[in-house]
Amino acid sequence: MNRLFRNLIAGGVGTGSVCMSLSAASISHSSFGQRQNFETVPLDSTPPTPAVGAENKVCVECNRALGIGRAITKLWFKGAMDKAFFTEDSAFEDPIARCVGRDEVAESFRAFHSLCEVKALSPPVTSVGADASTLVMHLHHEYRLPVVSAHLEMRSSLVLGLDPMGRIASMVWQWNGVPLLDLAPVCLARSINGWVRALLTPVLV
């Protein structure tokens with residue numbers, strides 16, 4: 001797992017542009033970089049099956065790291081989820097809402113991407129979190145809502161939690177880098193907001 005994080009950072013996640021709650025807009029796949037001497041993972045592929053031998057194992061982990069970076073890019077900036085890189089019960093949470101399950105998370109990003117444009121003002125800085133299963137991406141983006149001609153510049157942190165297989169199990173978006181409140185009433189309100197949003201956005205957006 002530690003090698004996976006090193007590959008993810010060295011493979012270029014820290015050199016691209018990522019973002020936001022409910023999805024977003026414009027970044028090229030090349031911003032996550034290419035690691036030489038390794039074959040990259042197509043966005044629509046499933047995570048590779050480990051092969052026998054230490055050299056093949058390193059190759060597989062590097063491929064998976066690049067695949068995770070591209071899956072995040074695809075979700076944030078195209079509003080589309082590559083489900084092979086997310087656990088079935090994966091969750092996304094921001095200060096307003098909590099979405100649980102791949103379908104609910106995918107719908108939230110799809111809906112947001114249809115309403116909001118995102119511009120990366122600087123590349124994200126990526127680091128391993130407090131434990132070996134956490135990855136933190138520090139972001140600096142501008143968000144635009146063309147419908148109301150509004151825009152907002154913000155620095156934030158995206159905390160990714162990975163399962164033992166290297167799939168994304170959780171995403172927590174911290175506005176201005178501030179951890180989310182963990183009070184029971186606030187957590188309940190976020191869960192209700194996420195549930196209501198998942199019901200309404202397929203009809204309204």
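**Entry 1: a helix to start with**
I began with helix H3, residues 102-115, in this predicted model. H3 has 14 residues, and from its first C-alpha to its last it reaches 20 Å. That is close to the 20 Å expected at 1.5 Å a residue. Next I looked up which residues of H3 are buried: they are Glu104, Val105, Ala106, Glu107, Ser108, Phe109, Ala111 and Phe112.

**Entry 2: the core**
I then turned to the largest nonpolar core, which has 28 residues. Trp76, Phe86, Leu160, Ile168 and Met171 are the ones with the most contacts inside it. Which elements each supply at least two residues of this core? I found helix H2 (54-78), strand S1 (86-93), H3, strand S4 (134-145), strand S5 (150-162) and S6. H2 gives the largest share, 6 residues.

**Entry 3: a visit to Ile168**
I picked Ile168 from that list and found its place in strand S6, residues 168-175. Is Ile168 buried or exposed? Ile168 has a relative accessible area of 0%, and buried means under 20%, so Ile168 is buried.
I set aside neighbours within four places in sequence and looked up what Ile168 touches. Its contacts are Ile68, Ile72, Phe85, Phe86, Thr87, Ser90, Leu160, Gly161 and Leu162.
I also checked Asp89: Ile168 and Asp89 are 79 residues apart in sequence, yet 9.8 Å apart in space, C-alpha to C-alpha.

**Entry 4: across to Phe86**

Conventions: Residues are numbered from 1 along each chain as its sequence is written. This is a predicted model: local features need pLDDT of at least 70, side-chain atom pairs count only at pLDDT 80 or more; totals for chains, interfaces and linings use all residues. Side-chain values use heavy atoms; hydrogens and water are left out. Helices (H or I, at least four residues) and strands (E, at least two) are DSSP runs, numbered from the N terminus. Buried means under 20% relative accessible area, exposed over 50%, partly exposed in between (1.4 Å probe, protein chains only). Contact means heavy atoms within 4.5 Å. The expected span of a helix is 1.5 Å times one less than its number of residues. A nonpolar core is a set of buried Ala, Val, Leu, Ile, Met, Phe, Trp, Tyr and Cys residues joined through side-chain atoms within 4.5 Å.
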